[in-house]
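Hi,

Here is the structure I promised to send over.

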Amino acid sequence: MSLFEKDWIFNARKEQLIPEGDHWSTWLIMTGRGWGKTRTGAESVIESVRFGGVKRTHLIGRTVGDVRSVMIDGESGIVNCSPNDFRPHYSPSKRLLTWPNGSVALTFSSDSPEMLRGPQCELLWADELGAWKRGDYAWSMAMFGLRLGKHPRAIITTTPRPRKFLRNISKKKTTIITTGSTKENKANLSSVFMQQIFDEYGGTSLGRQELDGELLDEMPGAIFTRKSIDENRCSKVPDLIRIVVAVDPAVTAHEKS
């Protein structure tokens with residue numbers, strides 16, 4: 001990556017820059033694939049550590065492998081986005097990033113939320129939160145540790161998923177939401193990819209979620225909706241003689257499958 005490409009302020013779109021003001025505690029970047037979420041997260045961490053006085057950061061990914069291959073060493077990760085005079089040293093065995101100014105970042109996986117007990121931070125970057133297997137619990141553990149500094153903050157970069165805890169985060173008054181489509185970053189993406197992916201998935205429910213960045217309430221065509229499930233909940237489980245679990249997987253792969 002050249003020096004010109006590393007000038008984030010010059011290259012970034014307005015919506016990729018850290019929101020101004022002190023009225024927010026969580027920046028939820030919920031956009032389509034290829035929008036530039038990862039680089040936005042990485043650059044925001046670098047800026048906060050280099051110019052914002054942040055000393056302790058937590059980096060949390062879906063898996064241990066994702067943290068390293070995407071958030072740290074990925075093409076748009078922290079190491080590759082850092083200028084040469086401010087490149088952090090990564091020690092995988094210690095799960096630790098150390099910057100030249102002494103600031104540090106600990107890495108965590110959503111698969112092991114108990115590891116978040118104890119450590120503290122003033123900045124948190126959570127990547128692909130919507131895909132975390134133990135998302136609700138892992139996010140709660142992360143929030144308990146976000147307690148240092150005058151204004152601790154969290155940055156979330158994720159493709160939307162219809163998950164209750166993600167929706168609850170989006171409804172908080174202290175959450176700023178940034179949405180966007182894959183098309184907004186088409187200048188940096190393969191034209192062949194753009195044509196193929198939108199020809200196949202454009203307008204479908206999967207495309208609306210993965211490309212347009214929409215947080216869908218229900219999957220179109222769903223037989224059992226969340227509303228109907230909630231309306232038919234019972235407070236006491238009746239005596240059961242037999243429990244039957246039926247699975248009827250589709251053998252096709254199109255919109256109405």
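**Around P152**

Leaving aside residues up to four places away in sequence, P152 is in contact with S25, E122, L146 and R147. One thing to keep in mind as you look: this is a predicted model.

As for where P152 sits, you'll find it in the loop that runs between α6 (135-145) and β7 (153-158). Is P152 buried, partly exposed or exposed? Its relative accessible area is 21%, and since buried means under 20%, P152 counts as partly exposed. I also checked P152 against F224: they are 72 residues apart along the chain, and their C-alpha atoms are separated by 40 Å.

**The chain as a whole**

Stepping back, the chain has 10 helices and 8 strands. Its radius of gyration is 20 Å, close to the 18 Å that the globule rule gives for 257 residues, so the chain is as compact as a globular protein of that length. Along the principal axes, the C-alpha atoms fill a box of roughly 65 × 45 × 35 Å.

On contacts, if you take those with a separation of 6 or more, 67% are between residues 24 or more positions apart. Buried residues make up 42% of the 257.

For the surface, the chain exposes about 15200 Å², and 53% of that comes from carbon and sulfur atoms.

Cheers

Key: Residues numbered from 1 in each chain as written. Predicted model: local features only at pLDDT ≥ 70, side-chain atom pairs only at ≥ 80, totals over all residues. Heavy atoms only, no water. Helix = DSSP H or I, 4+ residues; strand = E, 2+ residues; numbered from the N terminus. Rg over C-alpha atoms; globule rule 2.2 N^0.38 Å. Buried < 20%, exposed > 50% of the residue type's maximum accessible area, 1.4 Å probe, protein only. Contact = heavy atoms within 4.5 Å. Areas by Shrake-Rupley, 256 points an atom, 1.4 Å probe, with all protein chains shown as cover.
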